[in-house]
Amino acid sequence: MKKTSYILGIESSCDDTAAAILKDNQVLSNCIANQKIHQSYGGVVPELASRAHQANIVPVVQQALSIANIDKKELSAIAYTRGPGLLGSLLVGSAFAKSLALSLEIPLIEVNHMQAHLLCHFINNEDQSPPEFPFLGVTLSGGHTQLVLVESHFEMKEIGKTRDDAIGEAFDKCGKIMGLNYPAGPEIDRLAKEGDPNAFDFPIPKVDGLDVSYSGLKTAFINLVNKNSMKNPNFIEENLNDLCASIQKTLVTVIINKIILAKEKYKLNRVVIGGGVAANSKIRSVLTEKANLDHWEVFLPPFQYTTDNAAMIGIVGYHKLLSQQLGTMDQSVSARLSL
Ligand code: KG4
Ligand code: ZN
């Protein structure tokens, strides 16, 4: 019989310091220290993020072990985010993971953050079984927007991407101009529920193939807000819900159109989404509606595995441990690690 493994997952690619303990594919603890410091700057300040990771990493790992009720000596392997992400932030997580693996004399496993956003669907979940291969993976985050052909756990090929801003970045920048706190995505989602999605019209950018573009749309939104605010200083306040609903509808339509195109082109019957923006209620409802109507399957991640977390790093670690894809001490982090 296979021996039970206990994996410590460590995530530090951006502004969340996270640690999780998995018993095989089951999450025993999933802890996150959010860095509030970036809110007053309207975006992540890399230097401050690295410092906060330094302060948070030991307490977060200790908390994860304590909630899981296991001792560090029981760990079978340590999985950490190697990239992509902010270099200084990645260095804190990787240096910690390497030191602990070395001292405990257990395997170290490097994990690609974007693969992890999709593979979170393989975490044991009573409500939904994991997707079968092949499937169309869609990663929607603050730094990435990718369409991915996924043939197996580790055979992933990018077939479409954003040519400029990521979808989460577009949400955050549109939110910033309306005076919302960083990250603005969740707040836009909430405010949009009371707004009219057809109140303001934005053109859908025309981009060939499976790529998308968000920067023109973001600029069109900022221009509309600025122009109207000059005429009416209360424009944002008076139209906040409608502005949120209209821009959300357009940002979501852009990616949904390409998901449908990619699905048809590659004859795929399963769509799996991941990343922070996969928490968006509009994306979730539109995809569910379309899937029901046209008889294909959509896999929506549980909310706790959408935004950055370490459970998703742990599950990749588990699958790599099973297939003995172990890391080495001389592997360095990479800000632009590709799939
Ligand atoms: O995956 P993630 O936690 O970090 C990156 O790897 O980038 O994604 C963060 C992004 C932010 O841009 C945030 O505004 C967005 O996810 N986000 C949302 C929602 N929840 C988080 N965007 C739209 N609607 C949401 N409900
Ligand atoms: Zn992420």
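The shell around ligand 1 in this predicted model is made up of five nonpolar, eleven polar and three charged residues; Ala, Val, Leu, Ile, Met, Phe, Trp, Tyr, Cys and Pro count as nonpolar, Asp, Glu, Lys and Arg as charged, and the others, Gly among them, as polar. Ligand 1 is surrounded by 19 residues, of which Gly142, Asp172, Asp189, Asn280 and Asp308 are the closest (a residue is near a molecule if one of its heavy atoms lies within 4 Å of it). Domain 1 (6-120 + 306-322) and domain 2 (131-301) each give at least three residues to this shell, the domain bounds being taken from an automatic or database domain assignment.

Because the model is predicted, local features need pLDDT of at least 70 and side-chain atom pairs count only at pLDDT 80 or more, while totals for chains, interfaces and linings use all residues. Residues are numbered from 1 along each chain as its sequence is written, chains are lettered from A and ligands numbered from 1 in the order in which they are written, and side-chain values use heavy atoms, with hydrogens and water left out.

Backbone atoms of three glycines make polar contacts (pairs of N or O atoms within 3.5 Å) with oxygen atoms of ligand 1: the distance is 2.8 Å for Gly142, 3.4 Å for Gly143 and 3.0 Å for Gly276. Ligand 1 taken alone exposes 560 Å², and the protein buries 90% of that (Shrake-Rupley method, 1.4 Å probe). The shell receives two or more residues from each of α3 (113-119), α4 (167-177) and α5 (185-192); helices (H or I, at least four residues) and strands (E, at least two) are DSSP runs, numbered from the N terminus.

Some backbone features lie in loops. Most residues other than glycine have a negative phi, and most peptide bonds are trans. The bond joining Phe133 and Pro134 is cis, with omega about -5°, and Pro134 belongs to the loop between α3 and β6 (135-140). Another cis bond runs from Tyr182 to Pro183, with omega near -10°; Pro183 is placed in the loop between α4 and α5. Lys267 has a positive phi, near 50°, and is located in the loop between α7 (235-265) and β9 (270-274).

Notes:
A polar contact is a pair of N or O atoms within 3.5 Å; within protein, one must be able to donate a hydrogen and the other to accept it, and residues adjacent in sequence count only if both atoms are side-chain atoms.
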